[in-house]
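Trainee: I would like to learn how to read a structure one feature at a time. Could we take a single model and work through it?

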Amino acid sequence: MKEIVNVNEKWGIGAKGDLLCTIPADMKFFRETTKGKVVIMGLNTLKSLPGMKPLKGRYNVILAEKLEMIPEESINACDCYLNDLSGAADAELFHTPGATVMIAVTDLFELVDIVTIFPQDDVYVCGGASVYKQLLPYCDTCLVTKNDCKTEPEVFFPNLDEDPAWEMTEEGEEQEYEGIHFRYTTYRRIFT
């Protein structure tokens with residue numbers, strides 16, 4: 001399992017319920033990396049997406065305290081919605097490449113059980129802060145876009161530079177968008 005995130009120099013990821021900054025190249029990188037894959041997110045992240053719609057062409061696994069909290073707009077926007085996998089064998093769309101599938105779960109153990117049916121290289125955690133933190137122990141790779149956005153963060157990703165279990169193994173060239181400098185990095189777990 002991998003985590004994919006955009007952080008500023010303080011490892012901040014958001015403020016006032018939104019991203020610190022929007023960088024089109026990074027959004028494209030996210031889309032291309034996760035297209036046709038499994039994306040794991042919390043309920044607040046789902047609700048922050050345009051129209052509260054799950055990410056198109058992916059298996060969206062939503063971690064929510066109660067299934068009743070999943071917005072109708074989100075359910076209606078998918079090709080296939082499951083609140084458990086018992087119907088997955090019968091759900092033709094669940095197995096259709098390119099379909100927008102949403103699976104809702106209420107606890108971490110159920111989530112881990114579900115994602116084990118997918119190849120682990122195809123599973124990406126994409127937020128928010130509490131979901132990143134809860135699932136980091138299950139991940140071996142983090143794709144981190146680092147930026148120098150000056151917006152003061154309210155929520156943070158764990159600082160992997162200060163965690164001896166993680167090591168930066170790749171660092172891309174610095175790029176710039178509207179005065180914000182950013183680069184793509186890859187961190188790998190070196191021990192558990």
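Trainee: Is Lys37 buried, exposed or partly exposed, and why?

Mentor: This is a predicted model, so every value here is computed from predicted atoms. Buried means under 20% relative accessible area and exposed means over 50%. Lys37 has a relative accessible area of 24%, so Lys37 counts as partly exposed.

Trainee: Which residue forms a salt bridge with Lys37?

Mentor: Side chains of opposite charge can pair when their charged atoms come close. In this case the partner of Lys37 is Asp122, and the closest N and O atoms are 3.2 Å apart.

Trainee: How many salt bridges are found in the whole structure?

Mentor: The search finds 8. One of them joins Lys150 and Glu9, with 3.2 Å between the closest N and O atoms. That pair links distant parts of the chain, 141 residues apart: Lys150 is in the loop between β9 (141-147) and β10 (155-156), and Glu9 is in the loop between β1 (2-7) and β2 (12-15). Both Lys150 and Glu9 are exposed.

Trainee: Where in the chain are Asp161 and Lys146, the two residues of another salt bridge?

Mentor: Asp161 is in the loop between β10 and β11 (166-171), and Lys146 is in strand β9, 15 residues apart. Their side chains meet at 3.0 Å, N to O. Asp161 has a relative accessible area of 46%, so Asp161 is partly exposed. Salt bridges can also form a network, as they do for Glu171, Glu174 and Arg183.

Trainee: What describes a pair of aromatic rings?

Mentor: The distance of the centres and the angle of the planes. The whole structure has 8 aromatic pairs. Tyr59 and Phe94 make one that is edge-to-face, with 5.4 Å from centre to centre and 75 degrees between the planes. Tyr59 belongs to strand β5 (residues 59-63) and Phe94 to the loop between β6 (80-82) and β7 (101-105), so this pair ties together parts 35 residues apart in sequence. Tyr59 and Phe94 are both buried.

Trainee: Why is the pair of Phe94 and Phe118 called tilted?

Mentor: Planes under 30 degrees apart count as stacked, over 60 as edge-to-face and the rest as tilted. The planes of Phe94 and Phe118 are at 50 degrees, so the pair is tilted; the ring centres are 6.3 Å apart. Phe118 is in the loop between α4 (108-115) and β8 (123-125), and Phe94 is in the loop between β6 and β7, so the pair ties together parts 24 residues apart in sequence. Phe118 is buried, as is Phe94. Elsewhere, ring pairs link Trp11, Tyr132, Phe157 and Tyr187 into a cluster.

Trainee: Which residues have the most contacts inside the largest nonpolar core?

Mentor: They are Ile40, Phe94, Phe157 and Leu160, in a core of 38 residues. Helix α4 gives the largest share of this core, 4 residues. Beyond four places in sequence, Leu160 touches Trp11, Leu136, Cys142, Val144, Trp166 and Tyr187. A second, separate core has 17 residues, including Leu55, Met102, Tyr124 and Leu143.

Trainee: In what order do the strands of the open sheet run?

Mentor: The order is β3-β2-β10, with antiparallel pairing. β3 (18-19) and β10 are at the edges with a single partner strand each, so one side of each is left without a neighbour in the sheet. Between β2 and β10 there are 2 bridges. Gly12 has Phe156 in β10 as its bridge partner.

Trainee: Is Lys2 buried or exposed?

Mentor: Lys2 counts as buried, because its relative accessibility is 15%. Lys2 lies in strand β1. Among the residues Lys2 touches, beyond four places in sequence, are Asp121, Val123 and Tyr124. Lys2 and Val123 are 121 residues apart in sequence, yet their C-alpha atoms are 6.2 Å apart in space.

Key. Residues are numbered from 1 along each chain as its sequence is written. This is a predicted model: local features need pLDDT of at least 70, side-chain atom pairs count only at pLDDT 80 or more; totals for chains, interfaces and linings use all residues. Side-chain values use heavy atoms; hydrogens and water are left out. Rings of Phe, Tyr and Trp (its six-membered ring) pair if their centres lie within 6.5 Å; planes under 30 degrees apart count as stacked, over 60 as edge-to-face and the rest as tilted. Buried means under 20% relative accessible area, exposed over 50%, partly exposed in between (1.4 Å probe, protein chains only). A salt bridge is a side-chain nitrogen of Lys or Arg within 4 Å of a carboxyl oxygen of Asp or Glu. Two strands pair if DSSP finds at least two bridges between them. Contact means heavy atoms within 4.5 Å. A nonpolar core is a set of buried Ala, Val, Leu, Ile, Met, Phe, Trp, Tyr and Cys residues joined through side-chain atoms within 4.5 Å.
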